[in-house]
Amino acid sequence: MSPSIEIQLIAAITAAACAIPGVFLVLRKMALISDAISHSILPGIVIGFMITQDLASPWLILLAAVSGIITVVLVELIQKTGLVKEDTAIGLVFPALFSVGVLLIAQNANDVHLDVDAVLLGELAFAPFDRLIVGGIDVGPKSLWTITAILSFTIILLIAFYKELKVSTFDIGLSSALGFSPVIMHYGLMSVASVTTVAAFDAVGAILVVALIITPAAAAYLLTTDLKKMLALSVLFGTSSAIGGYWFARAIDASIAGSITTVLGLLFLIIYLFAPSKGLIAVLLKQSSQRIEVSLLTFLLHLNNHDSLEERSVAHLQEHINWQRVKAKSVLDLALKNNMIVIDNKVVSLTQKGLDFTEKAIEYIITNKDEKIEDMKDDFFLFRG
């Protein structure tokens, strides 16, 4: 297998492994905890190396995962005091633990050179050089086998505990009532996130790990509310960005990890702008539509409260409601289009449909019953042209 294919496989599998826990972290509003874990695992890695003197030892992954869980526990303990919020607690904990790791390195491995590209940005181009030899046979890069094993384990856990994870993510109270311990689910998720972060750290670095955990999940969240679809989209966005980022890096002769992060950012930006329901453009259009709807409702209520011909003349309405001529004409046209009013000799009157809608709207406003304004619009085909 060529190094090019191996690099793309490592990047894609790492992206998929990061995307799965990333979805649940985003849904639980704990996305920043991935950044904290990616830095605070350093003490666990250093302590594991001090014990084993072997960078390939599985103890490094285990102790790094423990370090990640300690991070989560400390963040929650500080947050529960009520003195600071979660983001502040994260900002307090992970620099402290990262600093402990740096001090341990300085005291026990002072001759080790910490390269910025390897630690923060990662360098996937070097991953194929660290080979796994079994019985004298080269079976491929170590990082490929490691991250594949973790992805497989993550998928098995996801299938086995999907229902528990889903319930505990969306409704902690229901989870407890059904006998699913939210605490166990929470720390199980944090353990998977920690182990995944450690496995990805060596190949892609801290910055790309955070990007692969958060960005695909955040992009998928803007496109769907279905958890299974969100998981599938997150994996798809992560793997496609990983492969696309590799070829982008080759085209411009740049860092692979940096290019993947850039592609992820561009992908999120496109979805953030153009997502059908949650995208920025869709939200702005919806807000504009809602302003028009409020104006129309105000106009209909005004007509309902005035019986005299003078009060219902077009010119007086424009003056009384204090709208500009263009806005007044827009609202009049919309009301006419929806058969809410009729205009006779420049005097505006409510139709029976307009009267029925206005009465229901007044009842809704006064009583605040469970009826939804959207249902009223559907019943009267309002704003449908």
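The structure is a predicted model; local features need pLDDT of at least 70, side-chain atom pairs count only at pLDDT 80 or more, and totals for chains, interfaces and linings use all residues. Residues are numbered from 1 along each chain as its sequence is written, and side-chain values use heavy atoms, with hydrogens and water left out.

**Overall**

- The protein has 17 helices and four strands. Both are DSSP runs, numbered from the N terminus: helices are H or I with at least four residues, strands E with at least two.
- Of the 385 residues, 44% are buried. Buried means under 20% relative accessible area, exposed over 50%, and partly exposed in between (1.4 Å probe, protein chains only).
- Among contacts with a separation of 6 or more, 64% join residues 24 or more positions apart. Contact means heavy atoms within 4.5 Å.
- The accessible surface is about 20500 Å², and 65% of it belongs to carbon and sulfur atoms. Areas come from the Shrake-Rupley method with a 1.4 Å probe; for residues, only the protein chains shown count as cover.

**Nonpolar cores**

- A nonpolar core is a set of buried Ala, Val, Leu, Ile, Met, Phe, Trp, Tyr and Cys residues joined through side-chain atoms within 4.5 Å.
- The largest core has 71 residues; L25, I33, L124, M190, L208, L231 and I260 have the most contacts inside it. Helix α10 gives the largest share of this core, 19 residues.
- A second, separate core has 16 residues, including L300, V331, I341 and L350.
- Beyond its neighbours within four places in sequence, I33 contacts L25, V72, V75, I90 and M190.

- S194 lies in α10, which spans residues 182-221. S194 is buried, at a relative accessible area of 0%.
- Leaving out residues up to four places away in sequence, S194 touches I37, A65, G68 and I69.
- V195 also lies in α10. V195 is partly exposed, at 23% relative accessible area.
- With the exclusion of residues up to four places away in sequence, V195 touches I61, A65 and I150.
- V195 and A65 are 130 residues apart in sequence, yet 5.2 Å apart in space, C-alpha to C-alpha.

**Helix α12**

- Helix α12 (residues 256-274) has 19 residues and reaches 27 Å from first C-alpha to last, close to the 27 Å expected at 1.5 Å a residue. The expected span is 1.5 Å times one less than the number of residues.
- I256, A257, S259, I260, L264 and I271 are buried in α12. They cover an arc of only 165 degrees around the axis, so they sit on the same side of α12. The arc is that of the directions from the helix axis to the C-beta atoms.
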